[in-house]
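Here's a quick tour for anyone meeting this structure for the first time. Take a look, then read on.

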Amino acid sequence: MPLSNTPNSYGSVAKTFHWLTALLIITLFPLGLVANNMAYEIKTASAPADGLVAQTAWLFSLHKTLGVAVFFVALLRILWALGQPKPGLLHPDRKVESLAAETVHWLLYGSLVLVPLSGWIHHAAASGFAPIWWTFGQGLPLVPKSESVAATFGGAHWVLTKVLGVSLLLHIAGALKHHIIDKDMTLRRMWFGHAELPRTNVKHGQGKPIVVALALWAVALSGGAALGVYDSHGGASQGAALEDVQSDWQVQEGTLAITVTQLGTDVTGQFDDWTAAISFDETVQNGIAGSVDVTIAIGSLTLGSVTAQAMGPDFFDAETYATAMFTADIMRVVDGYEAQGTLTIRDQSMPITLPFGLSINENEASMSGQLTLDRRDFNIGANMADESSLKFAVNVKIDLTATRETDN
């Protein structure tokens, strides 16, 4: 059997690409369905088992890795096809059927590139994910870490997967129709081995099927927009907004960020709603120089694609424990400052020391500090007794700028 195509038959390279792609796609559809169902089970469970989380992540990693393989196989297949003759139509007199078949072929070719590419971009833009099993990193050039980008391409992946699924079913139905009803050589000439193939002289039309395929993609993607599939659904419920507090130093801007390590990957998020009542006297050279009372709205946390999971009962349990508190004395020490006090999360209180750097310019102060907490101290992720899915250590980083209230 020749490697290359002829005007009447497909070569062994084209056939190998065809059946390898078919095997990958048939594997990926149930993988994605099972993994998504398990992810939904985790999201809705009061305390998902660590084994379930690890198994779900493993399935998603397998799905993504095979998806990347499909992307490269599809590119190679297209590049090979561009330099090869394509066997002609067996039934050129059936104009509508030929147009439908060619349109489905273009939908398949395009979807085999667009579906894995959209999923890959979603993966690269998201924070908190099951990794792709390879050594080339998890990001993509020109793709930022962005929840809006992740949501857009996640929605596109969902829509394009449906287009691919329908196209695949139509393709299979057409092949069976040719083989069982028409009893022609359409299916046989894509299978391995030697067969007596009819000569074909009528070439495939290109322009009209491409236009129809593009129109169908546009309709599908527009339908996705109407359904809201491109909207971000990963954000947590904000809950009740915190009231402003009276303070000698008023925070003008700041970030309160946390970084967790999930499945070997750092995932960083931040709380958007928190208040700090600060009293401070920079003239104190030793001992207590002031105090700080921080209230944090747990529901304001965004933590990439695992935000909803973080809000669940086994983690922050934002519905039950709406706020966290940090009350501390500001201490002047030899090498700078420390906030020494108590941090309360989920009604679990622990003594905490936060070292920080401080810069004061007249009535404006800038501070930056960080520390590492152990999630087990606050009963967060208690069902994850080891670090296979989620590390114990949680890095906390705070930066803020505050101005001092002065008498006019």
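Which side chain meets Lys86 in a salt bridge? That would be Glu102, at 3.8 Å from N to O.

## Before we start

This is a predicted model, where local features need pLDDT of at least 70, side-chain atom pairs count only at pLDDT 80 or more, and totals for chains, interfaces and linings use all residues. Residues are numbered from 1 along each chain as its sequence is written, and side-chain values use heavy atoms, leaving out hydrogens and water.

## Charged pairs

A salt bridge here puts a side-chain nitrogen of Lys or Arg within 4 Å of a carboxyl oxygen of Asp or Glu. By that rule there are eight salt bridges. In the opening pair, Lys86 sits in the loop between α2 and α3 (95-125), while Glu102 is in helix α3, 16 residues apart. Helices are DSSP runs (H or I, at least four residues), numbered from the N terminus.

Glu102 counts as buried at 5% relative accessibility, but Lys86 is partly exposed at 30%. Buried means under 20% relative accessible area, exposed over 50%, and partly exposed in between (1.4 Å probe, protein chains only). Another pair is Arg376 with Asp374, whose closest N and O atoms are 2.7 Å apart.

## The nonpolar core

The largest nonpolar core has 87 residues, and Phe316 is one of those touching the most other members. Helix α2 (residues 50-82) gives the largest share, eleven residues. Such a core joins buried Ala, Val, Leu, Ile, Met, Phe, Trp, Tyr and Cys residues through side-chain atoms within 4.5 Å.

Definitions and conventions
Helix = DSSP H or I, 4+ residues; strand = E, 2+ residues; numbered from the N terminus.
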